[in-house]
Amino acid sequence: MIRTRFLLAGAALALLAALAAVAVGIRLAALPELHGTLLDPPLPAAEFALTSADGGAVGPQDFRGRLVVLFFGFTNCPDVCPLTMHRLGSAMEELGDRADQVQVILVSVDPERDPPAKVDEYAKRFHPSFIGVTGSDDELRTVTSSYGIYYARTEVEGALGYTVDHSASTLVLDRNGGLRMIWPFDTTPEGMASDLRYLIRR
Amino acid sequence: MKRKVLTGSLLAMGALLVGVSFFAIAQPLTVLPRMALAPGFVLTDQHGERLTNEDLRGKLVVYTLAYTGCGEACAPINRTMAELAARLDEVDTGGAPVRLVTISVDPERDTPAALRSAAEGLGADGQVWRLASGDPAMVRQVVGGGFEVFYEARDDGTIRFDPAFVVVDGWGITRARNRVGLPDVELLLDQLRLLGNEVRASTGVARFAYEAAHLFSCYAY
């Protein structure tokens, strides 16, 4: 009788282990060609509360259950920002009806010239679902540093007076708010859409 | 026929189970954990040039802390960095350049000129090894918030801080925080070697093995 119980318990354990092994095997085998760096397990990502167009506080924690794509830029940015935002917009189009599972947030690192409403209006030019937020320099320094992003004001000649140098990476947070992926600047819209599809499936 | 399919499935499952168990237990590959995003920053180096974390993307970076007025208290830290700089060619990093950065925890006094003078004494060339300082609020954010290292000014003008050697990969992810005493240079070289292994295996089938090593927490340290 005892032997039978041992055998049954052993068989159950073996079955569980086998199922776990199969799950891991499938997970690794299903890893597609990715275009950014996948972080598995995900890294902890900081919550934040920056100001949105309606004056409310917004951060990635407000979109749990969706993927959150974070990009840091500013509206007078001549090249990196419009190009990245355009690529993100194209990736959203490519996602079709799955786009509602992704929330893109543009964080302006030029709060002096980019009030929240202006950032938001700028972000929505690239896709109606995008939102734009910003904050004080102190708030932005804390947020950007925690996401491995730098920004610095650089004086330039001309009407603008200054520009803002900043990191060009785009970050993707998973449904639970963990940092899952980092895209380099040159990631294509197709690559972004493909990676987002994979992250949505997980 | 059904029996053959069943037997085949069981055998495949068994082989997979053995394989996965072997990987999880024997850990044929070891990696450094992906601990956290390293902080973003903009600082100024000993030549008065801007140094940002973005400049260091794609490179393996060892960060440490010191300050020029530190005297003998910082000598072991500086010696470790100097020895590491001299021995970098011993480690195969898969082609990824290595950079060393000493961040001053005394940004008020450590101007670029002070850093340059210190760098000359240490043999920090400004290419591989850079000394950096900057806006005190930024330094506080980077050192305290980002690298999670405690430091504070004492009444006598000296600065108390915990020695730390932080290794960051080319994606800007912290992979090792060496904070217990002074690490052996061999340990730092080994950590760079482990990152080099991952750089070499970043494409092709080997990538899956390294991802599995992360999945199973096959950590070297």
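**Disulfides and cavities in the predicted model**

In chain B, a disulfide (a pair of cysteine sulfur atoms within 2.5 Å) links B:C70 with B:C74, the S to S distance being 1.9 Å. The torsion about the S-S bond of B:C70 and B:C74 comes out at about 90°, so this disulfide is right-handed. B:C70 has 11% relative accessibility and so counts as buried, where buried means under 20% relative accessible area, exposed over 50% and partly exposed in between, with a 1.4 Å probe and protein chains only. B:C74, at 1%, is buried too, and B:C218 sits at 0% relative accessibility, so that cysteine is also buried.

This is a predicted model, so local features need pLDDT of at least 70 and side-chain atom pairs count only at pLDDT 80 or more, while totals for chains, interfaces and linings use all residues. Side-chain values use heavy atoms, with hydrogens and water left out, and residues are numbered from 1 along each chain, with chains lettered from A.

Over all chains the tally is 2 disulfides. Chain A has A:C77 joined to A:C81, S to S 2.4 Å; this link is right-handed, with 85° about the S-S bond, and both cysteines are buried.

A cavity here is a set of points on a 1 Å grid over the protein atoms alone where a 1.4 Å probe fits but cannot get out, and lining residues have an atom within 4 Å of a point. The largest cavity has a volume of about 140 Å³, taken as the space filled by probe spheres set on the points, which are joined across faces, edges and corners. It is lined by 20 residues, and A:G148, B:N53, B:R57, B:W171 and B:G172 are the closest to its centre.

Technical notes. On a 1 Å grid over the protein atoms alone, a cavity is a set of points where a 1.4 Å probe fits but cannot get out, and a pocket is an open set with protein on both sides within 12 Å along at least five of seven lines; lining residues have an atom within 4 Å of a point.
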